[in-house]
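Trainee: Could you go through this structure with me? I have a few quick questions and would like to take them one at a time.
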Amino acid sequence: MPRGSETEALLLALRTCFSDVPLARARLVLQVFSETWGEFVDAPLDLALQGKLKLRAVPAPQKISLERGSTMFFCCDMQERFRPAVKHFADITAVAQRLLRGAAVLGIPVVATEQYPKGLGSTVEELYLVSAQMVLPKTQFSMLLPEVLTLLQNSPNISSIVLFGVETHVCIQQTTLDLLSCGYAVYIVADASSSRSDTDRHLALQRLAQAGAVVTTSESVLLQVVGGKDHPDFKEIQQLIRELLPTPGLPPGHTPGSNTTGIHFREEVASICGWTD
């Protein structure tokens with residue numbers, strides 16, 4: 001780089017050098033190695049190259065929030081052949097259905113994938129994919145197929161991905177790590193994701209939380225998007241979450257469908273907050 005090159009030019013050069021990797025699509029921060037501190041630090045905004053420097057670009061921190069205009073839902077491999085093999089499959093299907101109906105109400109784009117559908121079947125018929133922008137077959141574990149990367153690249157407003165499906169420790173895990181490396185905020189819906197083994201599932205969720213993903217629930221996601229009772233779609237979302245769906249395997253020892261206390265508590269809060277009709 002020529003002497004006097006500034007931050008934006010340096011970032012552009014780094015993107016050009018690594019244009020074939022997902023990180024090149026991330027929102028980047030330029031960092032410079034500090035001999036004083038012995039580590040990389042954020043470069044000053046008025047940086048101008050005057051000599052040899054060790055530089056790197058890292059994904060910019062994401063604001064941890066969910067908003068309709070900046071969110072996309074990813075539904076991963078909810079297919080027929082997984083039905084008898086994956087733990088709590090009926091329960092996570094019911095929760096995934098809630099999320100997809102919520103996406104349709106809120107106008108949130110949806111991407112769905114199917115792992116080797118020729119052998120593993122199509123997406124289960126219970127799921128409402130009418131709002132899906134694309135339903136793609138795949139053989140790799142990650143959902144970040146070329147078509148998905150292109151869609152994301154052409155959607156610069158999208159900064160948050162809500163991810164759910166199977167299996168948590170394989171395709172969900174790889175997709176999450178890839179999205180994080182691209183600079184996206186990732187929300188894994190724990191009550192809509194599972195594996196053949198509860199051990200694999202729980203350990204994967206722990207690992208992904210440590211990696212920077214937000215492990216959350218379907219109700220939390222939908223209510224965070226609407227933000228409050230004044231949102232124009234709040235009543236429809238309230239109808240979706242009014243039924244207390246099972247929390248499949250979360251927390252350990254919970255019996256799905258047994259939480260009658262939760263139903264009464266929600267009705268009490270709804271009344272206090274004026275959410276009732």
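Trainee: Is Gln 115 buried or exposed?

Mentor: In this predicted model, Gln 115 counts as buried because its relative accessibility is 10%, where buried means under 20% relative accessible area, exposed means over 50% and partly exposed lies in between, with a 1.4 Å probe and protein chains only. Gln 115 is found in strand β5; helices (H or I, at least four residues) and strands (E, at least two) are DSSP runs, numbered from the N terminus.

Trainee: What does the side chain of Gln 115 make a polar contact with?

Mentor: The side chain of Gln 115 makes a polar contact with the side chain of Lys 138, at 2.4 Å, and the Gln 115 side chain also reaches the backbone oxygen of Thr 139 at 2.8 Å. A polar contact here is a pair of N or O atoms within 3.5 Å; within protein, one must be able to donate a hydrogen and the other to accept it, and residues adjacent in sequence count only if both atoms are side-chain atoms.

Trainee: And which residues is Gln 115 in contact with, leaving aside neighbours within four places in sequence?

Mentor: With contact meaning heavy atoms within 4.5 Å, the residues touching Gln 115 beyond those neighbours include Asp 77, Leu 120, Phe 141 and Cys 171.

Trainee: How many residues of β5 are buried?

Mentor: Strand β5, residues 110-115, has 6 of its 6 residues buried. Val 110, Ala 112 and Glu 114 point one way, while Val 111, Thr 113 and Gln 115 point the other way. In a regular strand the side chains alternate between the two faces of the sheet.

Trainee: Which strands does β5 run parallel to?

Mentor: Strand β5 runs parallel to β4, with 4 bridges joining them, and also parallel to β6 (residues 132-138), with 6 bridges; two strands pair if DSSP finds at least two bridges between them. Val 111 of β5 is the bridge partner of Phe 74, and Val 111 also stands opposite Met 134 in β6. Between β4 and β5 the chain passes through helix α2 (residues 89-106), in a β-α-β crossover that is right-handed, a term used if, with the strands pointing away from the viewer, the path from the first strand over the helix to the second runs clockwise.

Trainee: Changing topic, how many residues are in the largest nonpolar core?

Mentor: The largest nonpolar core has 35 residues, and Phe 73, Met 78, Leu 99, Val 162 and Phe 164 have the most contacts inside it. Such a core is a set of buried Ala, Val, Leu, Ile, Met, Phe, Trp, Tyr and Cys residues joined through side-chain atoms within 4.5 Å. Helix α2 gives the largest share of this core, 8 residues. A second, separate core has 29 residues, among them Cys 76, Leu 145, Val 148 and Leu 208.

Trainee: Where does Leu 127 lie?

Mentor: Leu 127 lies in the loop between α3 (117-120) and β6, and it counts as buried because its relative accessibility is 8%. Leu 127 and Thr 93 are 34 residues apart in sequence, yet their C-alpha atoms are 7.2 Å apart in space.

Trainee: What about the backbone, which residues have a positive phi although they are not glycine?

Mentor: Among them are Asp 77, with a phi of about 55 degrees, and His 88, with a phi of about 60 degrees. Asp 77 is found in the loop between β4 and α2, and His 88 has its place in the loop between β4 and α2 as well. Asp 77 is buried, with a relative accessible area of 0%, whereas His 88 counts as partly exposed at 24%. There is also a cis peptide bond joining Val 166 and Glu 167, with omega about -15 degrees. Most residues other than glycine have a negative phi, and most peptide bonds are trans.

Trainee: Where is confidence lowest?

Mentor: Confidence is lowest in helix α9 (residues 260-273), at a mean of 50, and highest in strand β4 (residues 71-76), at 98, where pLDDT is the predictor's confidence in each residue, from 0 to 100. The mean pLDDT of the protein chain is 83, and 78% of its residues reach 70 or more.

Trainee: What rules apply to the numbering and the values?

Mentor: Residues are numbered from 1 along each chain as its sequence is written, and side-chain values use heavy atoms, with hydrogens and water left out. Since this is a predicted model, local features need pLDDT of at least 70 and side-chain atom pairs count only at pLDDT 80 or more, while totals for chains, interfaces and linings use all residues.
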